[in-house]
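Dear colleague,

I am passing the structure below on to you. My notes on pockets, ligand and a few local features follow it.

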Amino acid sequence: MSENFKALTIAGSDTSGSAGMEADLKTFEEMKVYGMTALTVIVAQNPQTWSHDIFPIELSTIEKQIDTIGGSITPDAMKTGMLGSAALVELVVNSIEKYKFKNIVIDPVMVCKGIDTIMVPEAAAAIKTKLVKYADVITPNTLEAAYLADIPSIKTIDDIKTACVKIHELGAKNIIIKSGSRFASDDMSDVLFDGHDFLIEQKPKLSNIYNSGAGCSFSAAITACLAKGATIHDAFKTTQAFMQEAVVNSFKLNKFTGAVCHWALRK
Ligand code: PXL
């Protein structure tokens with residue numbers, strides 16, 4: 001009989017289903033990992049403009065959810081997504097200490113698609129100064145990585161490498177920076193830095209695709225792999241293959257957005 005692995009996500013709900021805890025749970029399921037959630041915010045989109053409204057869940061309610069899991073179930077891995085306040089970041093830090101969570105993946109959600117400025121500066125600052133040091137893996141995009149590394153911008157692979165080293169100095173064990181489509185070149189690159197070596201995955205930029213939820217799904221896939229006992233290098237490779245198919249098979253949801261296809265490898 002195979003073992004049943006379990007993972008927790010402390011994340012927000014994206015009502016449209018492409019990002020946030022919806023993406024995390026779909027990814028966990030595809031990777032045969034049992035998913036659990038502590039919900040932090042609810043994001044609702046305006047159907048006429050697709051502007052995002054964010055409705056925070058009360059801190060004490062989030063604490064109760066984390067206690068449900070930490071106090072009675074031992075997750076094999078956990079990840080964080082949208083943490084909307086410095087107080088919530090502190091709660092997550094305290095919970096990691098209290099429940100000795102392991103295989104911790106920090107997706108430092110600070111920006112959302114279409115909004116390229118740091119959404120909640122006090123939460124971003126708390127992530128940088130208090131949470132990053134607990135990360136077994138941290139998975140920023142280039143905007144989040146530039147913020148964490150305190151460099152003006154990230155435009156090249158060399159910039160990514162510099163940011164990786166600086167974020168490693170903040171205490172994160174492994175850093176994966178995803179250039180996504182923000183690079184000016186025809187390629188996109190994901191870079192893993194394990195504190196010693198860089199592993200660079202370069203691939204051509206795809207056209208006619210949707211990538212909403214790609215960041216959340218990526219970090220969830222890494223989390224699922226770690227829950228099953230994979231090394232960081234194997235987790236990185238498995239996640240690349242999973243995300244490639246998910247993005248190639250992405251589909252339109254409405255006139256504003258589309259979603260990556262979590263079940264693409266089963267098609
Ligand atoms: O992709 C970042 C993200 C994370 N979490 C939630 C979101 C979004 C983007 O919309 O809604 C809940």
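**What was found**

The model is a predicted one. I begin with the second largest pocket, whose lining divides by class into 16 nonpolar residues, three polar residues and no charged residues. That pocket holds about 230 Å³ of space. Its lining is made up of 19 residues, and those nearest the centre are V41, L83, G84, S85 and V120. Two or more lining residues come from each of β2, β3 (52-56), α2 (59-70) and α4 (121-131). Among these elements, α4 contributes the most, with three residues.

**The largest pocket**

The volume of the largest pocket is about 1,000 Å³. It is lined by 47 residues, and K113, N211, G213, A214 and G215 are the closest to its centre. The elements supplying two or more residues to this lining are the strands β1 (6-14), β2 (34-45) and β8 (187-193), together with the helices α1 (20-30), α7 (214-227) and α8 (232-248). Sorted by class, the lining of the largest pocket has 18 nonpolar, 19 polar and 10 charged residues.

**The ligand**

Which pocket does the ligand sit in? It is placed in the largest pocket. The residues around the ligand are G12, S13, D14, A19, G20, V43, H52, M82, V109, C112 and C216. On its own the ligand would expose 310 Å², and the protein buries 88% of that area. Of the elements, β1 gives the most to this shell, with three residues. The shell comprises six nonpolar residues, four polar residues and one charged residue.

**Salt bridges**

How many salt bridges does the structure hold? There are six. One of them joins the side chains of K98 and D67, with an N to O distance of 3.9 Å. This pair links distant parts of the chain, with K98 in helix α3 (residues 86-99) and D67 in helix α2, 31 residues apart.

**Backbone**

Two residues may be worth a look for their phi values. Most residues other than glycine have a negative phi. W50, which is not a glycine, has a positive phi of about 65°. D150 lies in the loop between α5 (142-149) and α6 (157-169).

Regards

Notes: Residues numbered from 1 in each chain as written. Predicted model: local features only at pLDDT ≥ 70, side-chain atom pairs only at ≥ 80, totals over all residues. Heavy atoms only, no water. 1 Å grid on protein atoms, 1.4 Å probe; cavity = no way out; pocket = protein on both sides within 12 Å on 5 of 7 lines; lining within 4 Å. Points joined across faces, edges and corners; volume = space filled by probe spheres on them. Helix = DSSP H or I, 4+ residues; strand = E, 2+ residues; numbered from the N terminus. Nonpolar A, V, L, I, M, F, W, Y, C, P; charged D, E, K, R; others polar. Near = heavy atom within 4 Å. Areas by Shrake-Rupley, 256 points an atom, 1.4 Å probe, with all protein chains shown as cover. Sits in = over half its atoms within 2 Å of the grid points. Salt bridge = Lys/Arg side-chain N within 4 Å of Asp/Glu carboxyl O.
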